[in-house]
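Please examine the sequence and the three-dimensional model shown below. The paragraphs that follow lead through it step by step.

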Amino acid sequence: MAIVNLAAIVGFLMLMHAAYGTVEHRAHLKLHDLAFGYPPLTVLLEVLVGTFACLWAGLQLTGEPLPIKSAMSDQHVEQMEFRPDFINLNTRCRALPPKKLSGK
């Protein structure tokens with residue numbers, strides 16, 4: 001577990017150092033009035049290694065995935081369609097005249 005934590009920290013520090021190296025490279029190019037095309041190869045390699053270290057450490061730290069448990073597995077289909085939270089009793093039907101029941 002200590003190696004995984006160390007890999008995560010080292011990967012994060014490598015990414016931060018790569019960002020700092022890119023900023024320094026751009027400042028150096030601005031100082032000499034040169035155009036910025038792409039970062040140096042060392043910065044690109046540092047980004048790749050840091051990304052893979054963080055990715056590997058993140059996958060190792062999460063552990064085993066848990067199964068998804070269904071809360072509705074013991075209910076019937078008729079019970080699943082009844083959702084009292086979505087019943088709307090404030091409708092425009094109250095403005096209509098009441099229906100007359102046909103007498104037998």
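Leu 61 is partly exposed, because its relative accessible area is 38%; in this scale buried means under 20% relative accessible area, exposed means over 50%, and partly exposed lies in between (1.4 Å probe, protein chains only). Leu 61 belongs to helix H2. Helices (H or I, at least four residues) and strands (E, at least two) are DSSP runs, numbered from the N terminus. When neighbours within four places in sequence are set aside, Leu 61 is in contact with Met 1, Val 4 and Asn 5, where contact means heavy atoms within 4.5 Å. The C-alpha atoms of Leu 61 and Ala 8 are separated by 9.4 Å, although the two residues are 53 residues apart along the chain.

The model is a predicted one, in which local features need pLDDT of at least 70 and side-chain atom pairs count only at pLDDT 80 or more, while totals for chains, interfaces and linings use all residues. Residues are numbered from 1 along each chain as its sequence is written, and side-chain values use heavy atoms, with hydrogens and water left out.

With that basis, the overall plan may be described. The protein contains three helices and zero strands, and its elements run α-α-α from the N terminus on. Of its 104 residues, 10% count as buried. The accessible surface of the protein comes to about 9900 Å², and 66% of this belongs to carbon and sulfur atoms; accessible areas come from the Shrake-Rupley method with a 1.4 Å probe, and for residues only the protein chains shown count as cover. Among contacts between residues at least 6 apart in sequence, 68% join residues at least 24 apart.

Helix H1 covers residues 2-31. Its 30 residues should span 44 Å at 1.5 Å a residue, and its end C-alpha atoms are 43 Å apart, which agrees; the expected span of a helix is 1.5 Å times one less than its number of residues. Val 4, Ala 7, Gly 11, Ala 18 and Leu 29 are buried in H1, and the buried residues of H1 pack against H2.

The loop between H1 and H2 holds Asp 33. The phi of Asp 33 is near 55°, a positive value in a residue other than glycine. Asp 33 counts as exposed because its relative accessibility is 71%.

Helix H2 comprises residues 41-62. With 22 residues, H2 reaches 32 Å from its first C-alpha to its last, close to the 32 Å expected at 1.5 Å a residue. Which residues of H2 are buried? They are Val 43, Glu 46, Gly 50, Ala 53 and Ala 57. Seen down the axis of H2, these buried residues fall within an arc of 95°, so they line one face of the helix; the arc is that of the directions from the helix axis to the C-beta atoms. In general, an α-helix has 3.6 residues a turn, so residues three or four places apart point the same way. The buried residues of H2 pack against H1.

Gly 50 gives a close view of this packing side. Gly 50 is buried, because its relative accessible area is 0%. Apart from neighbours within four places in sequence, Gly 50 is in contact with Gly 11, Met 14 and Leu 15. Gly 50 and Ile 9 are 41 residues apart in sequence and 9.5 Å apart in space, C-alpha to C-alpha.

The face of H2 turned away from its buried side carries the exposed residues Leu 41, Phe 52, Leu 59 and Thr 62. Phe 52 counts as exposed because its relative accessibility is 54%. Leu 41, Leu 44, Leu 45, Leu 48, Phe 52, Leu 55 and Leu 59 form a nonpolar patch on the surface, with about 730 Å² of accessible area together. Patches are made of residues with over 30% relative accessible area and no salt bridge, like charges being joined within 9 Å and nonpolar side chains (Val, Leu, Ile, Met, Phe, Trp, Tyr) within 5 Å; a salt bridge is a side-chain nitrogen of Lys or Arg within 4 Å of a carboxyl oxygen of Asp or Glu. H2 is followed by Gly 63, whose phi is positive, near 85°.
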